[in-house]
Amino acid sequence: MRMSVAPENRPIVIASLFVVVILLAGTAYTLSTAGSAPLLSPNYLLQQLQTGSFLGICAAGMMMVILLGQIDLSIPWTLTAAAMTATAVGGDLALPTALGVGIAVGLLNGFGVAYLRIPSMIFTLGVDTVLRGLMVAQTGGFAPQDTATPIMLFLAKDKLLGIPVAIFVWAGVSLLIALMLTRTGFGRSLYATGSREGAAYLSGIRTKWVIVGAFVISSVCASIAGVLLTGYSAKAYQGMGNAFLLPAIAAVVLGGTHILGGKGRYIGTLIGVVLIVLLNSVLSIMQMPEAGRQIIYGSVIIGMLLVYGRNQRVTS
Amino acid sequence: MTHKAGWKRWLFQNIGFATALLLLIVLFLTYNILHPRGFSSAVAIQNSNETAAIAFVAMAQTLPVLLGGLDLSVGAVMTLTNCVASELLNGSPWQILFGMFLTLLTGTAFGFMNGCIVVYGRIQPIIATLATGAIAIGLALLIRPKPGGNVDDDLGWALTNSVYDFADTYGLADGGNAWWLRPFADIPVPIMLIVFVAVVAWVPFRRSVTGRTVYAIGSAEGAAYMSGLPIERAKIAAFTLGGFFAACGGLYLAIQTSSGNADIQQAGAYTLNSIAAVVLGGTSLLGGVGSAIGSLVGAMILRVISFYFRILDIDPLLQPLIEGVVLLVAVSFGAFRTLRVKNQLDLFR
């Protein structure tokens with residue numbers, strides 16, 4: 001019997017299958033070399049998901065922007081700026097400060113893209129550079145407080161019912177985003193604007209507000225990830241967000257979201273993140289040197305997209 | 001049509017490029033006036049050395065952008081070719097020449113591969129090159145796990161100084177003293193190299209059917225297809241030429257620094273700066289408008305701005321901030337377009 005899968009679910013199914021393949025291949029490797037199967041132990045998987053939650057939250061925000069056919073290159077330093085400002089303020093105000101930084105950066109990005117109509121590719125890049133400059137200027141003359149506050153440590157490191165709190169945060173963000181995409185008018189507007197902004201505008205959607213909203217969500221997600229990462233590494237530091245930009249884009253696209261906007265399901269992004277996190281952990285179990293990791297990483301993205309990410313040929 | 005009208009039309013069509021060129025001239029002249037040793041060969045040599053690599057990479061980025069795409073692998077390809085060159089540029093003159101050839105071939109082949117993945121794999125350029133960029137970095141790390149290299153000293157000296165030094169090193173034109181070399185003797189070699197590559201590779205490409213097709217695809221791919229233009233060939237050619245330009249950047253970087261360095265951060269920085277340079281040079285990220293010469297100007301603007309920090313007494317800690325603000329303000333000038341739009345719908349493209 002031939003299983004039929006709706007076209008929009010194909011990436012999700014194939015990516016899930018690949019996740020299983022990675023797990024099996026990794027387990028086969030560890031069984032043959034060490035005679036154990038750490039990849040299949042719940043504790044190990046939870047630990048991987050805990051470190052994956054930072055990427056997962058970044059990718060969730062990035063997906064909002066990619067659904068519009070835009071991109072947010074300011075994620076690295078939004079994350080860093082939120083974390084560094086929050087730790088500098090410290091105390092009970094740390095979390096609101098981080099979120100405030102996220103909202104402010106998102107509003108700025110949204111303003112540039114929606115109202116000034118500057119391509120997001122270059123505007124968010126500029127914002128990223130400015131944020132980096134601000135952080136260098138802020139930390140250069142003196143050393144502001146950079147240790148994580150107790151609540152950050154709790155969110156990133158503690159466990160609740162045997163499960164890391166960070167995973168709950170990731171799950172919470174995921175639930176909110178998934179509900180928003182499928183159950184609210186804003187979610188619908190997001191897809192409509194991403195498909196064809198002109199048509200969305202003519203049908204009465206305030207497309208500029210939608211764009212601003214998406215960028216705010218993206219930046220707020222980055223700042224939440226910044227808070228968690230600060231808690232996880234016990235301090236905020238320059239460049240802490242650099243490792244998240246490209247994997248976040250890759251995760252969103254591997255999950256079947258179209259890079260030109262309008263198509264994609266949140267569950268796909270979730271699986272994309274799990275895929276990248278597991279791939280990384282299997283490669284580190286194999287003690288693959290950085291060169292091999294990069295090559296495999298790139299080849300996997302190309303290979304997966306060749307299977308299900310192909311565009312229509314232009315014929316008219 | 002009178003000559004003047006044609007000139008005005010050119011200005012209207014290339015307003016972004018003309019503004020960038022004017023900005024560069026003003027910035028550069030002011031810089032040299034403020035510099036205690038301004039307008040000297042030494043300053044020009046130093047400046048052009050620091051500009052050459054990013055100028056080549058910006059030219060490389062132009063082609064995918066003209067198609068309406070983006071190449072996130074240019075910095076990585078530059079890094080890869082940089083590492084290849086750091087292994088090969090030594091030995092006898094013929095070995096060195098062959099090494100250069102292999103270096104350029106590596107980048108060109110990588111660009112060709114990008115083009116094939118985009119055309120036959122039908123994957124969006126931005127995401128395809130994100131992946132191939134990782135592969136390029138991986139290969140670079142394989143070739144050169146630690147920074148270092150062995151580049152011929154004479155070559156490094158000759159190509160990073162003035163034309164006189166070049167002739168002097170290789171005993172050409174009476175050791176650089178020939179009368180016909182006099183007018184050019186003080187020009188830095190890197191500038192000559194950039195102009196040479198631009199004239200030999202870019203200008204003929206732009207005038208060819210393939211080159212014009214690249215512009216047509218960026219404007220309206222469907223229309224280009226219906227007009228019977230060679231779409232697939234043009235896309236592959238654009239990425240291949242992009243790879244070649246990136247390889248020129250990597251080759252020059254190896255000659256300039258006498259080493260190769262498979263640095264992921266550096267590759268990323270070059271890629272992002274190349275996008276900024278392309279936009280500053282008047283090329284539209286939507287595709288179809290702009291030129292590699294514009295990107296050259298854009299790259300020079302980026303570099304000149306950073307040169308100012310050396311002569312003006314600015315707190316080094318503020319430099320990244322000022323660079324960022326200048327970039328953001330410069331690209332925000334594109335917003336003037338929105339003021340001219342008469343119909344809201346024209347904003348959505």
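Predicted model: local features only at pLDDT ≥ 70, side-chain atom pairs only at ≥ 80, totals over all residues.
**View 1. The contact between chain A and chain B.** Chain A contributes 54 residues to the contact, and chain B contributes 49 residues. About 4,400 Å² of area is buried between the two chains, and carbon and sulfur atoms give 77% of that area. On the chain A side, the residues that lose the most area to chain B are Arg117(A), Ile122(A) and Ile302(A), which together make up 12% of what that side buries.

**View 2. The salt bridge of Arg117(A) and Glu197(A).** Over all chains, the count of salt bridges comes to four. One of them joins Arg117(A) to Glu197(A), with the closest N and O atoms 2.8 Å apart. Arg117(A) sits in the loop between helix 4 (94–115) and helix 5 (120–140) of chain A, and Glu197(A) sits in helix 9 (residues 197–202) of chain A, so the pair ties together parts that are 80 residues apart in sequence. Arg117(A) is buried, at a relative accessible area of 11%. Glu197(A) also counts as buried, with 13% relative accessibility.

**View 3. The salt bridge of Arg303(B) and Glu50(B).** In chain B, the side chains of Arg303(B) and Glu50(B) form a salt bridge with an N to O distance of 3.6 Å. Arg303(B) belongs to helix 15 (residues 292–311) of chain B and Glu50(B) to helix 3 (residues 41–66) of chain B; the pair links distant parts of the chain, 253 residues apart. Arg303(B) is partly exposed, with 24% relative accessibility. Glu50(B) is partly exposed at 22% relative accessible area.

**View 4. The salt bridge of Arg144(B) and Glu87(B).** The side chains of Arg144(B) and Glu87(B) meet in a salt bridge, 3.0 Å from N to O. Arg144(B) is in the loop between helix 6 (125–143) and helix 7 (153–159) of chain B, while Glu87(B) is in helix 4 (residues 74–88) of chain B, and this pair links distant parts of the chain that are 57 residues apart. Arg144(B) is buried, with a relative accessible area of 11%, whereas Glu87(B) is partly exposed, with a relative accessible area of 38%.

**View 5. The surroundings of Asn109(A).** Asn109(A) is part of helix 4 of chain A. With a relative accessibility of 0%, Asn109(A) counts as buried. Apart from neighbours within four places in sequence, the residues in contact with Asn109(A) are Asp72(A), Ser74(A), Phe123(A), Thr124(A), Val127(A), Phe215(A) and Ser219(A).

**View 6. A nonpolar patch on the surface of chain B.** The patch is formed by Ile191(B), Val195(B), Phe196(B), Val199(B), Val200(B) and Val203(B), and their accessible area together is about 500 Å². Val195(B) lies in helix 10 (residues 189–207) of chain B, and Val199(B) lies in helix 10 of chain B as well. Val195(B) is partly exposed, having a relative accessible area of 46%. For Val199(B), also partly exposed, the value is 48%. Between the C-alpha atoms of Val199(B) and Ile293(B) the separation is 9.6 Å, although these residues are 94 residues apart along the chain.

**View 7. Cysteines without a disulfide.** Over all chains, a search of the whole structure finds zero disulfides. Cys221(A) is in none, and the nearest cysteine sulfur, in Cys58(A), is 8.0 Å away. Cys221(A) is buried, with a relative accessible area of 4%. In chain B, the cysteine sulfur closest to that of Cys83(B) belongs to Cys248(B) and is 17 Å away, which is too far for a bond, since a disulfide requires sulfur atoms within 2.5 Å. Cys83(B) is buried, with a relative accessible area of 0%.

View 8. Most residues other than glycine have a negative phi. Arg122(B), which is not a glycine, has a positive phi near 55°. Arg122(B) is placed in the loop between helix 5 (93–120) and helix 6 of chain B. Ser258(B) is not a glycine either, and its phi is positive, at about 55°. Ser258(B) falls in the loop between helix 13 (231–257) and helix 14 (264–280) of chain B. With 32% relative accessibility, Ser258(B) is partly exposed.

Key
Residues numbered from 1 in each chain as written. Chains lettered and ligands numbered in written order. Heavy atoms only, no water. Buried < 20%, exposed > 50% of the residue type's maximum accessible area, 1.4 Å probe, protein only. Patch = residues over 30% accessible without salt bridge, like charges linked within 9 Å, V, L, I, M, F, W, Y side chains within 5 Å. Areas by Shrake-Rupley, 256 points an atom, 1.4 Å probe, with all protein chains shown as cover. Helix = DSSP H or I, 4+ residues; strand = E, 2+ residues; numbered from the N terminus. Contact = heavy atoms within 4.5 Å. Buried area = accessible area lost by both parts, 1.4 Å probe.
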